[in-house]
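Work through the exercises below with the sequence and the model open side by side. Each task is followed by a solution in steps.

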Amino acid sequence: MKRVCVIGAGSSGIAAAQVLSDRGIDFDCFEAGSEVGGNWRYLNDNGMSSAYRSLHINTSRQVMEYAAYPMPKHLPDYPNHFQIAEYFDDFVDYFGLRDRITFRTEVVAVEPAGEGWRVTVRDRDTDERRTAEYGSVIVANGHHWDARWPEPAFPGADTFEGGQTHAHNYKVPDPYVGKKVLVLGIGNSATDIAVETSRVAERTFLAMRRGAHIVPKYLFGQPFDRLAKTPLALLPHWFQRQTMRIALRMTQGRMADYGLPEPDHKVLSAHPTVSSDLLVRLGHGDMTVKPTITRLDGTVVHFADGSKEEVDEIVYCTGYRISFPFLAPSVFSARDNEVALYRRVVAPDHAGLYFLGLVQPLGAIMPIAEAQAHWVADLITGAAGLPTSAAMRREITAYQRSVRKRYLSSKRHTIEVDFLPYLRELARERKTGADRR
């Protein structure tokens with residue numbers, strides 16, 4: 001077997017490194033930053049972390065932990081990013097992976113080369129470039145680092161006299177003390193940032209295009225996402241949705257009771273917005289809900305309901321683009337954030353090109369990336385085989401059709417998977433792949 005190139009030492013990259021090492025597969029892992037952890041490393045010097053100072057995980061540690069290395073039981077149900085980064089450090093040290101990772105090294109090009117791949121990397125300290133060939137490439141560069149601003153930009157955005165930033169660059173609330181702040185969005189980052197700025201700002205507005213179902217971190221005394229690892233997650237989707245709808249209505253009431261617009265979609269038809277603080281802050285009158293922006297004029301923001309407000313700072317929580325700057329578009333791209341991958345991992349037309357963690361689960365990415373890595377190791381060692389390219393493309397088409405049928409039509413919902421059903425899907429594929437070989 002030729003060596004494998006792993007791109008990134010975030011949560012998915014180190015999972016790949018551990019599995020490859022355990023299976024005796026030679027590999028190189030390149031990380032642009034100085035430490036492991038990727039998006040969970042606060043102020044990561046690779047410039048790609050979107051973690052803010054107060055960030056805690058939105059999936060409980062029991063769901064988030066790797067199977068090969070469970071999280072310490074002394075950690076809280078929802079650790080902060082410092083604790084998660086320490087967990088990743090312990091993971092790579094326990095398995096002896098740190099010396100296998102080349103830090104401060106950016107992958108700048110991945111190109112087909114015969115039956116393998118030619119990879120060019122750049123040393124960030126010396127700017128020296130070097131090239132090597134690999135039999136396979138595992139892409140684990142994450143999908144929460146390339147900020148997507150409103151498309152198209154709001155009229156007047158280029159002349160707005162206040163500050164404008166993306167959630168990717170938000171770190172602490174200090175710059176917003178005593179100011180009038182507008183947060184655009186209703187996802188997890190938007191609710192966290194709106195709650196935090198509302199404690200220090202003169203006034204905080206939360207604007208959104210549509211309503212959302214707000215899910216608390218705890219339901220009936222338990223982290224809500226533990227259900228993702230129980231057999232209940234295998235029950236029909238309509239039953240899960242109805243159960244969640246009833247639970248949320250019993251514990252929280254209607255979103256309109258808090259001044260939020262009622263969602264125009266059913267529960268579990270959009271990626272959940274998890275917050276135990278938002279509804280309380282709204283109930284306290286500490287922020288004002290607004291519809292989406294229509295235009296900016298000087299320091300005035302105009303909204304879809306005809307109202308307008310003086311605003312000092314705007315924080316756009318408008319998501320991220322899925323991008324691979326080291327891959328030519330002719331090799332692989334994610335137009336409109338859609339990725340054509342067999343079982344969300346395999347590029348059907350490019351042998352030896354794999355993607356880990358490129359999913360948005362109703363659960364946590366870490367154990368999914370770990371399971372994906374085991375399957376990829378099967379393929380690399382020849383323990384499993386793939387179907388024909390035509391068969392893989394049919395599966396991709398069926399998956400994309402199912403996503404469009406179930407979820408809101410948005411660039412945020414192109415790579416959604418259900419946690420336990422997807423893990424079972426990977427397990428079945430490993431067995432089928434072994435028989436296929």
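**Exercise 1. Find the element that gives the most residues to the lining of the second largest pocket, and describe that lining by class.**

Step 1. Helix α8 gives the most to this lining, with 4 residues. Helices (H or I, at least four residues) and strands (E, at least two) are DSSP runs, numbered from the N terminus.

Step 2. The model is predicted: local features need pLDDT of at least 70 and side-chain atom pairs count only at pLDDT 80 or more, while totals for chains, interfaces and linings use all residues. Residues are numbered from 1 along each chain as its sequence is written, and side-chain values use heavy atoms, with hydrogens and water left out.

Step 3. The second largest pocket has a volume of about 320 Å³. A pocket is an open set of points on a 1 Å grid over the protein atoms alone, where a 1.4 Å probe fits, with protein on both sides within 12 Å along at least five of seven lines; lining residues have an atom within 4 Å of a point. Grid points are joined across faces, edges and corners, and the volume is the space filled by probe spheres set on the points.

Step 4. There are 17 lining residues, and Ser402, Arg406, Val417, Asp418 and Pro421 are the closest to the pocket centre. Two or more residues come from each of α5 (237-252), α8 (389-406), β24 (416-418) and α9 (419-436).

Step 5. Sorted by class, the lining holds 9 nonpolar, 3 polar and 5 charged residues. Here Ala, Val, Leu, Ile, Met, Phe, Trp, Tyr, Cys and Pro are nonpolar, Asp, Glu, Lys and Arg are charged, and the others, Gly among them, are polar.

Step 6. Domain 1 (4-146 + 320-435) and domain 2 (149-316) each supply at least three lining residues; the bounds come from an automatic or database domain assignment.

**Exercise 2. Give the strand order and pairing of the open sheet of 3 strands.**

Step 1. The order is β4-β5-β6, and the pairing is antiparallel. Two strands pair if DSSP finds at least two bridges between them.

Step 2. β4 (105-113) and β6 (129-134) are the edge strands, each pairing on one side only.

Step 3. β5 (residues 116-123) is joined to β6 by 6 bridges. Valine 119 has alanine 132 as its partner in β6, and tryptophan 117 has tyrosine 134.

Step 4. The two strands form a hairpin with 5 residues between them, and aspartate 127 in the turn has a positive phi of about 65 degrees.

**Exercise 3. Which residue forms a salt bridge with arginine 41?**

Step 1. The partner is aspartate 89, with the closest N and O atoms 2.9 Å apart. A salt bridge is a side-chain nitrogen of Lys or Arg within 4 Å of a carboxyl oxygen of Asp or Glu.

Step 2. Arginine 41 sits in the loop between β2 (27-30) and α2 (61-64) and aspartate 89 in helix α3 (residues 81-94), so the pair ties together parts 48 residues apart in sequence.

Step 3. The whole structure has 33 salt bridges.
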